[in-house]
Structures are given as structure tokens and as C-alpha cells.
Amino acid sequence: MGILEVKNVNKRFGGLQALGDVNLSVAENSVHAIIGPNGAGKSTLLNCLVGKLIPDTGSVMFDGQSVLGRTPYEINQMGISRVFQTPEIFGDLTVMENMLIPCFARRDGSFKLNAIRSVEGQADIHDKAEAMLVDMNMADKRHMHAASMSRGDKRRLEIGMCLAQEPRLLLLDEPTAGMARADTNNTIDLLKQIKEERNITIVIIEHDMHVVFSLAQRITVLAQGSPLVEDTPDKIKGHPKVREAYLGESTPA
Amino acid sequence: MSKLLTRRGLLKSGAVGGAGLALPTIFTASSASAFTNEPTGGTVTLGFNVPQSGPYADEGADELRAYELAVEHLNGEGDGGMLNTFSSKALGGNGIMGKKVAYVTGDTQTKSDAARASAKSMIEKDGAIMITGGSSSGVAVAVQGLCQEAGVIFMAGLTHSNDTTGKDKKANGFRHFFNAYMSAAALAPVLEKLYGSDRAAYHLTADYTWGWTQQESIQAATEAIGWRTVNNVLTPLAATDFSSYIAPVLNSGADVLVLNHYGGNMVNSLTNAVQFGLREKQVNGKNFEIVVPLYSELMAKGAGQNIKGIVGSQNWDWKLGDEGTAAFVKSFGTKYGFPPSQAAQTCYAQTMLYADAVERAGSFNPCAVGEALAGFEFDGLGNGKTLYRADDHQCFKDVLVVKGAEDPQDEFHLVEIVEVTPVAQVTYDPEHPMFAGGALGECNPGA
Amino acid sequence: MEAILLQVLNGLDKGSAYALIALGLTLIFGTLGVVNFAHGALFMIGAFCAVTVQKVLTLSKITLDPVKTDFLGNPLQIKTPYVEGWFGPEFGAALIDWSVPLAILFAIPIMLVIGVVMERGLIKHFYRRPHADQILVTFGLAIVLQELIKHYFGANQIATPAPDVFRGSFDFGAMMGMDPNVVIYPYWRLVYFAFAAVIIGAVFAFLQFTTFGMVVRAGMADRETVGLLGINIDKRFTIMFGLAAAVAGMAGVMYAPINSPNYHIGMDFLVLSFVVVVVGGMGSLPGAVLAGFLLGILESFASMNEIKSLIPGIDQIIIYLAAIIILLTRPRGLMGRKGVMED
Amino acid sequence: MLGIKGKDLTLLCVVAVLALCAPFILNPFPQSSAMAQFNAGYPDLMQRFVIFGIFAVGFNILFGLTGYLSFGHAAFLGVGSYSAVWMFKLLSMNVIPAIILSVIVAGLFALVIGFVSLRRSGIYFSILTLAFAQMSFNLAYSVLTPITNGETGLQLSLDDPRIFGTSVSDTGGIPVTSLFGMEMRETSTLSLGDWSFQFSNGYYLCAVLLLVSFYISIRIFRSPFGLMLRAVKSNQTRLNYTGLNTRPYTLAAFVISGMYAGLAGGLLASMDPLAGAERMQWTASGEVVLMTILGGAGTLIGPVLGAGFIKYFENIFSKINDNVLHQWFGGLPEGLENAVVWFTEHFVGSGWNLTLGLLFMLVVTFLPGGLVEGGTRIGRLIRGKSKRAEKKAAQSKPAE
């Protein structure tokens, strides 16, 4: 029994079958990649996991509890954090303030009218945010406006913010999309480091095979809304159907 | 402005605030003067609080012209205007009690709040001893209340609601302008004469206090001459297009439409009604008629051709032939190039009446002034013999019934006088139900 | 039945006024994303174009009357409009009588210029500024325009009658076999309705069938992409602004006979037109028109005596109440596009 | 000190000094000088500065922090005023219960309106709040007249059934509002040569409450709650995916700012017991929006400056008439005098709105951050340091 169990999930948009009978089981503390060509339904599946979309049929269980019908913030409070394709951070705030918010969310839950004590006065939160910044190697940027940073730094900050919540499952939606090679490598290193240092399950959607094969322990290939195969990276690499459907090579006759 | 060394706001008693501050100067204890803003120098300051922004700004401008003229005349400049025709001869053109008259102006914005703020600044900052002006009843009642509390005299400008000298009357407040009851009492006989006693009226009424009191008055007066009231429809203040209120009128069985509107509301509802062709229609075998109980020159101008033949009432009109009117029209017309409006006349008269009352009382003390005004009978200010009734501080004088001219010789002849209704006919008991429920209270000198 | 028919007519007429104003506003606000608080002022200036044309046409030569006197006892001045002197009394009088329709010709170029100048001179610098700044600057502009008009034309309403042929009203009821005088409607309002329909149709056709319109619509949907294609979208937006001003101005001209204009008439319509545009949905021209008619008709029905006696004061609040209900049931108004002015 | 430090503490102290010394600061010109016209140090206007300052500070908690632009905040001010006047009519002339009730009622009203309106964001939210406020205004002016006294505004009368206290004062008038016997309208005058300074009890009550409000606002700005509100403005998606529910945060901000508005309304009524329906009109809601933006939205002191700015023009410029102008320019040759007066007349007296409109445009065009930015620029100029680079970094808006 994996920590995330997706069973028979279907989702239609009008006449388009976006997801058809998707089944997925993610083992705890593993890195699981979902790959597939454009329009294969990767993002739709991800959106179903975080409550942005509700599947037409099927079930999504996280740690034995259904996530269906819950709002994004409730699902997040269950322990699922998400990193977006385009980094979603608080651009108007400083890096430090960005990091403080998930720390408060972790301590205070989805809402608390904490309106009198100052932010600085709450040492526990402050120390935690500071530590996370150090972990992310961003301590020197703490007073910068988040919006004015490079894409790679924004990504790093976003991942750090997710980790600050101490999630049990981290969802990454094409974390290296639109990045320069150097930034991509940095991100891979960061993710590897996270995998090693923390007890955390990671589900990653990725286009970049380099990234996928350097991180994933298991890979699910989606095509036209349905899982094609699921296996270890090595097996996937050689799988003829995958090469045909995804890597774009025609099978030798 | 006035050059008083010490001024006080709305004060009551001693120097509480200053007790702790060891300052080497005098805290003027408010008890030093007998009443609010007692003039101590060579000038006396009056506060002219008129609408300068908003839809009544032109009316306010006309009021202001009249005030400036009045100040000139009081200070002995110009031709003296109605000072020469006024029956009381206490004023000598040397200011008020020898003090030169100065004035401050403010903008009421035709909002009770803004009007009170403006009046307060006149009292607190400029040391005004009397506040006058305004172009709506809401403002008049609000400012009158303020003056009562502050201990200065309020001489109302244009305010037509029964409440101003009815349930909201105040000892420190005085109204020269006529009111809705008087309009109705003056109009009813003329309407009977013109349109007969078998008529069915449909009222459109502005949905706020003034509109209600006017509608109530007109309905009572017309029903007394045998008219029926088919319907009374309240229209929102903010309405600009009255078509949906006017459209059902023809089919309602009514043959008279009464528009209890003022200002922009009146111009628009009348324009709309005429557009619908109501005036060319026949209902119940009679010509359909429209009545606008309260007229003003500016509204007539705004409605243009549409007012032809429409009957209403006015407090005063420059075409009245009496001596006072002639003198006033002459000095106003010479100075500004056009004849004064009824708002201008009321404001001018109010200023004169106040100044005269001070002279006769021999004091600026509001209580003394109030006593001098209460029950004062005078003539020569344009409306003929007039009484400032002591019971409610309302002026009683003849009321004009006017009609939109069919072929005006120029833009100043848009309305013509149909009848001058004698004062006896519009006088009512102070305890009349439409005016009951309030009390003048005690006069308040402030200090 | 008659009452309902009557209020439908009223509603269509009111609605056409709302729709016309909202149409101009939505071109600027719903599509360029500029919160234009000066839109009411543009409407007002349109109405004053009518006033100005009327004043110009009635400029008069003054002669003195030998007998009559004015209020000060001086000889009465008789004013004869110059146009009557130049073109003969009959044609001159007709010109004056038709001053409002004539003012349309005068208003279109004026309003286009005002719109373009406004966009180039002021609004252009505010495209990338927060909406709050746009509100402040356009509100300031509206006050300035309004005060200037007040200074030169006074605060009082100025009667601007429609041509004499449009006086009185058309009897729909009689046409449909009902009793006379049951369902009547003023001619000028019918003209207004037809005029609004033509303008609305013309704007839609312009945006739908011309290349210019196509580019603008594409630009509304995605400004950056169109910019990448090497098309100068800014210039086209300037023209759009001029167009919006012209639409507002024409609405104002034609409205002048319905309600005598004063300097404040724009502010009276401002809030209402914002409500109409938003209820219609941000970024949707058809939405704005639809909302205009819908709210117009609702307002007319709410002023029926039968309904007022059921719910007193309903006509005071119906527009706002309807707006609330629509916005709560349809998150982006009637036909709003996702993501336009939602943050 | 007081749980705040550094710049915030300095700011609070500056505001405190300004507020307490306002009677001096606002009356810089001797009585007999021509400039006396520009003195603003009389009780009513000082009270208005402070009360509208409170209103704007509260509005800024919603708008400045969360970016939700409410166009109906005047409704809460109006409701506060009505509650306070009713309290005076029914309970006692003491201002404390009146102010407390007005804050509570405005808060409840804000809770209801906020709960509904916050289901939408952006312009849709603005129009919802506008619609609620306009409905309140229209009804208060007409149908609800028994409660609001419509056009005239709710005021006290000689036959109010007051539970504690009398209906009629000893002198036969209406009793005045007081704080445990200290009358609000009581004013002492200090004459120093040609200057005279007025100290009003009412003003000082308002000033103290402004300081309290301002202090609370600082605490909110610096608290985790304030941080969350700024996060709402910055990126609601991220906030949701960080496990935070935005609705209660925005609703809390809405209610708090509604309570500030209620406090302002209650104070207005306490200084002058009249509550007019116009207080709820959209123009009044628009005014507080303008105050906040003009002063600098999202800054602590900006809204107070904006409020002072607008109220100053409304009350001082509108009172300058041609008579005054002729006095000022009397020294000039006749023709020139008339020309100058003619020109100046456009901008003062009945033209005060024109000046205000022009200033709105100038400020927002040249000082994008409002008056606060003007202040910073002047401050920089004085210090003579070019911090342009630093400033630029801090100001650059996010590109996405």
C-alpha cells in the first residue's frame, strides 16, 4: 500500500477524455516520476491530486484518506505540497518573509488571527525560516524582493517554502522548465540532496529525461490520458512502447 | 476678516485644558463674554453658508450675490436698496450697531454634513455671530440644529419643508421663506378656478422628507376643494429619468399630474412628462394638466419651453410691483445685470431683518435678537406686510401663484404672476398637525 | 398587460442609454484594463456639445425695442439669431430647432480628438500603473473637466430640446388595437433607441469585420503576443480610446433632450455605468450591452406601482440588488472573460 | 517600547507629537495677517483631520495590505454614526457607550457584507461592496427614514427618552455629548500676542483614539496576520497551496477596517451629534479611497496625510471668496488686481474642486507612491544622499 493511491480516475473536458482509468501507486519515501508527451494528461492528473480539479470518477487516497472534495489548502494541510511549473512565490515580499509564511502555516494551521505579536517576536518561527534559508543556500538573499531574483533562485525558494511545511508528499510540476542548464543541474542536485536528507515522498512531472533519469526510482508513462507502463528507469529506457510513444523513435521493423 | 484677538469655539466654561500648562499668558476663560462670538472689535462677522458645488451651485451663487449686496447696503455703500423702503428705520447704513459688517462664505455642498462642517468653521474659526443661507430643507434643519447648540442665530435661506418651522423648529432659527403648507393653501383656490373642482390628481413625489411634506400638504388642500387623489408614487432622489413613473399616468384615470420635485428632479420629471405629450392629451373629457407646486426661476430656465402654462407657487417674484421689490430689483439688477431670484430676495431680506433686530435689541446677544425678531411686523422688504410669528419663527406674508409664460419677452419673464394670495389665506395654527411634534425650546446664547 | 408592455418599452429605452454608455466604458475599462473614472465626464462633454451648438446657433444680433422695456426700465433688447439673418427666418429657425441632431456631426470629431489627446497625454502613462493610480488620475481629470464646464456654463441645467417634429408621443396601444393613450411612447425616445441600436451595431461590426477590429480583439485577448507579431497595438488602442470617447459623446448628445444636461450629469451616470460593465462581465462587449438592457428593464419593472406596493423602496435599490445577485450566481458577470481584472 | 521598535516607534512618536501639538502647528499665521485664512487650527477641522485619518488608516488595513479595493466603506462609517446618535438618544450622552456600540455595529455590518462580497475578487468585489453601500444610502435616505431621519439626518431632540441623564439640559437646551462629564465641545483658548490657539476636549479625545488606532495598525502591519494579508495581495495561489485559507484572512481584515470606519463614524457623531445619509454615499466611499491612494496606499502614515490633505482643501479653500482675494491682492494696480483675482477665483471658493482635481492628477503623475513618496524624496534631498540605486531595487515591481 503506497502513501498515494490513485484508482480508476477519469476526467473529461467536454468531448475530450483527459484522464482515462488512471491507476497509480506511489511508495512512501520514493521518487516517482510521471512522464508523457504534451497533452498526455500529466498536469490534469496533478491538479486532481491537489484539489484544483475533481475527477469525474475514481478515488485519490493519501495516507489512507481521500483527498477528493477537499480544497487545495485542506489537502496541503494533510501533508501535500506542490511546486509549480512557473514558480509561484510572493513576489512583493522579501525572501525571508516568503519563508516565514509556510512556517506559520505549519504551526498555526489554515487560519489564525495572530494580529498583535510581531513577526520578529516569534523566535521559533524565525529560527526555523532562517535555518531553511541556510539549507537552501539563500541566507544572503534574505532581504531581497523575491520577484527580483533569477528563475533558478525563485525555484529554489519555492522548493524551500514547500519543505518548510515538512510535507510528506512533494509534487513537482516540471521543476526545471525554462531553466538554463546550470540552473537545471543545481535543481537536480538540490532535489537529490532533499531525497537523501529528508523522509519525503516526491512525485515529479518532467519533460527533461536527464532530470527524470537522474532522480526517479519509478516512472509512470502517460499517453493520451492513460498509463502506458510503470517501471524502473532502466526498464523504461529500453521499453519499445515508450520509445515509440514518448521518445519519438519508431520501433525497428 | 475680523481681527479679534480672542475667539472661542463652542465653549461652555472655564479653562480646563489649560490648567496644567504653566504658560505665561492668559487663557481666555470663556465666561468673559456673555454669548458666543460676541463682537469686540470694529467689525461684526456674518456667515453666508450657501451651496457652491453640486446641483444647486447657481442658486447658491445668487444667494451670495444678494448677501454681498446686503452687506454693501448695511455698510452704507451702494444705493441702499430695500433699506430705504423697510418699515423699520433702525438701520442707518453705518453697519450694525456701528460695527462694520464683514462676512465669510462657505460651501454647503447641499449635504447636511458638509453644511454643518462649514457652519462650524465659520463659528469656531471666523467668529461668525449669525449663519444664513442654504438651498434645501435637509441642510436648513441640520444647520439650524447646530446654531441652536452653538448659540448663534440662524436665518434660513431657501427651505420649503414644513419641518423647518414645524417639528424641527428651534429658538435660534428663523425662516423668511414660505413652506409647503402655504404653497398648497395658495394653490388650491387657483387650481379650482383654473381646472374646476372635479379633478383626479396623480402625485409623483421625491422620496425624502421635503417631498413627503409637500405632497401631504397639496393632497390635503386639493382634496378640500373636491379633487380626488388617484395615486402617490415616490420616486428615488437619484432618479434622472422619470419615464417609467410617468408612463402609467395617462392610463390611471388621473387628469392632473402633481410633481412634488425640486431642482434637477423637477426639471427632469417635467421635461419627461411634456415629452410624453401629456399636456396635449384629453382625459375624462378634460385637458390633462401638470402642476409644479414649488417653482424657482432657475428651474424654469432648466426646463425651458416645457414650463409653458404650468402652475406653481413662489415666495416672491421680481415682477411684483411694490416699492421694496422695485428698489431691490433696481440695485441688484444694476450691480449684476439681471433680476434677482426668490432665493436672492429671501437671503437679502433675512440679512436686513437680522441687522435690524440687532439694532432694535441693542445687542448682538442671540436671545435679545430672537426676542426682537419674534412677533416682529414689518413691510417694505418685497412681500408686503409680513409677520415673524413668535410661536414658530415662521414669516407670514402673501404667497404668489405663478404660471409658465406662453410667450416670454425675454429670459427673465419665464413665469408670470397669476395671483397674489393674501396672507390670511395661508396662515395656519402653530399646532396644525402638519407642524406639530416639535418645540422651539429656550434660546441659547452659547456662553 | 398594458402596464407590462409599457415598462418593457421604458426598459428598452433606459437600457439603450445604459448600454451605450457602458459600451464606451467597456472598450476602455473592460478591454484596455484602464479604470476610467473620467468616462462619465466624456458623456457629459458630449451633452455639452449639444448645448454649445445650440448656443452658437442662437448667437444673436441685438436691437432695441422702441416700446417695451426690460426689468430695469431700459429699452428691451430684441435678440435675432444671426442664422436667421443669414439664411432667412425660416431656415434659420429650423437650424436652431435641429441643433441637437446637428450637434452629432460636431461632437464626433471633437470627442475623437478629446479621446486621443486624453490617451496620448495622460492615460498612456498609466497602463502599467496599479488600478488605484488609474482611479486617482482619471477621477482628478473628471473633476477638472466638470469644474471647467461648470465655470463656463453654470451649474444649472440647460434646456436642450429635441426638434419640434419629435415632440409628443407615439401611440403603440392604438396601433395594436388597444384603447388610445394606454401604451404611448415619446418619439424622441424611439429615436434614441434606434440611434443606440445603430451605434452598438456599428461598433460590433467594426470590431468584427475589419482588420483593425480583428487586431484589436486579438490584442485584447493577448497583448504581448500581438506585440510580438510586430503589430503596433498601442496605436490601435489609442484609436480605440478615441472611439470610446466618441461613443460616449454621441450618447451624451442624444441624451440632452431627454434630460437637460448640467455639469454633473456624468457623475450621475458614472457609478451606474461601472455597475453595468461589471455585471456584463469584464472584457465582454456583448455582456455590457446585455447588462445595460437587462438592468434598464429591471429598473422599469421595479418602478411599477404594483411592485412598489409589494416591496416599498425596491426601485431605489433594484439595480444594485440585481448586480449583487448576478455577481454571486455568475462569478464573472454575465459574459466575463477569465482573468480580466480579477486581482 | 510598546512592542514596536525602530522606525515604527519613531513614526508613532512623530504622529503623537503632531497630534498633540496640532492646535499650534495648524495655526501658524497671526490672526490679523492675510494668511490667517490658511489657518486650520480650529476644533471642527482638527477633529475632522483626525477622524478621517482613523477612517483612512482602517481602510488601508484592507486595501493597502490585501489589495482588495472596497468601494463601500462609507456604509460602515454611516452605520457607526447612526448607532452612536441612537445611543445618545436612548442611553446617555456619554460618548463611551456610543463609540463602543458604533464599532460593534459597524463590525457586524462589515461581517455580513464582507462575507458575501469576499466571494469575489478584483473589480467584482469592488462592485459588490459599492452595491451594498449604495443600497444602504438609498434606503437610509428614503424608506428607512424612521430610523435614519432621511434627508435631514438623525439628530437629537428635546424629547429623547434618555435612560441615563435628562432629555433637556438645565438651560433648556439639548444636553451635550461628554466623556464622564467632560464636555466634548468645551474649548479653551490660549492667546499669545496675535496668535490664538484653541484646545478642544473633543479634539484630544479624537487624537488619543487616532494614536491608539495608529498603534494597533502598526502592530497589525508587523504581525503574522499582516504578513498573511500582504501575501494575499501578492499571490493567492501560493497562499492556498501553502495550506492557508485566504477567506478568513480577508474577512478579518475587512471586519477590522469596517470597525475602524465605525469608530470614525461614532467619533463624528460624538463631536457633533448628527448622522446624515450622505455619509454612506458612493462619493464618501470614493473619498476614503482617494485619501488612501493620495497619501500612499500600503504605507502606515500615508492615509493620514491623504485625509488631512483632502479635508484641508474642502474646508479651507472653499472659504476663500473674491472679497478675500481682493484683500490679498489689494496692493496691486487695479487692472492687474482684477486679472489676478479673476484667475485665482477659478481655484478657490466655489472652484475648490478644480484645485483638488488638478492636485490629484499632479500627485499621482509625479509621485507614484503618493504624498509619502514626496516626503521621502524631500527627506533624501535634505540628507543629500543619492540612494537612487537602492530605491530602484526596492521599488521594482514583480514582472510576473
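Two residues are in contact if their C-beta atoms, placed from the backbone, lie within 7 Å. This is a predicted model, in which local features need pLDDT of at least 70, side-chain atom pairs count only at pLDDT 80 or more, and totals for chains, interfaces and linings use all residues. Residues are numbered from 1 along each chain as its sequence is written, while chains are lettered from A and ligands numbered from 1 in the order in which they are written.

**View 1. Chain pairs with and without contact.** Chains A and B do not touch, and their nearest C-alpha atoms are 33 Å apart. Chains A and C do not touch either, with nearest C-alpha atoms 14 Å apart.

**View 2. The contact between chains B and D.** Chain B gives 56 residues to this contact and chain D gives 48 residues. On the side of chain B that touches chain D, at least two residues each come from strand 1 (27-28), strand 3 (100-107), helix 2 (112-124), helix 3 (137-150) and helix 5 (209-224). Helices (H or I, at least four residues) and strands (E, at least two) are DSSP runs, numbered from the N terminus.

**View 3. The largest nonpolar core.** A nonpolar core is a set of buried Ala, Val, Leu, Ile, Met, Phe, Trp, Tyr and Cys residues joined through C-beta atoms within 7 Å. A residue is buried if 20 or more other C-beta atoms lie within 10 Å of its own, exposed if 12 or fewer, and partly exposed in between. The largest such core has 460 residues, and those with the most contacts inside it include Leu257(B), Val275(C) and Ile127(D). Domain 1 (30-178 + 320-392) and domain 2 (181-314 + 400-426) of chain B both contribute residues, so the core lies between them; the domain bounds come from an automatic or database domain assignment.

**View 4. Surroundings of Ile127(D).** Leaving out residues up to four places away in sequence, Ile127(D) touches Phe274(C), Val275(C), Val278(C), Ala323(C) and Leu327(C).

**View 5. Chain C.** Chain C has 15 helices and 4 strands. Its radius of gyration is 22 Å, close to the 20 Å that the globule rule gives for 343 residues, so chain C is as compact as a globular protein of that length. The radius is taken over C-alpha atoms, and the rule is 2.2 Å times the number of residues to the power 0.38. Buried residues make up 53% of chain C.
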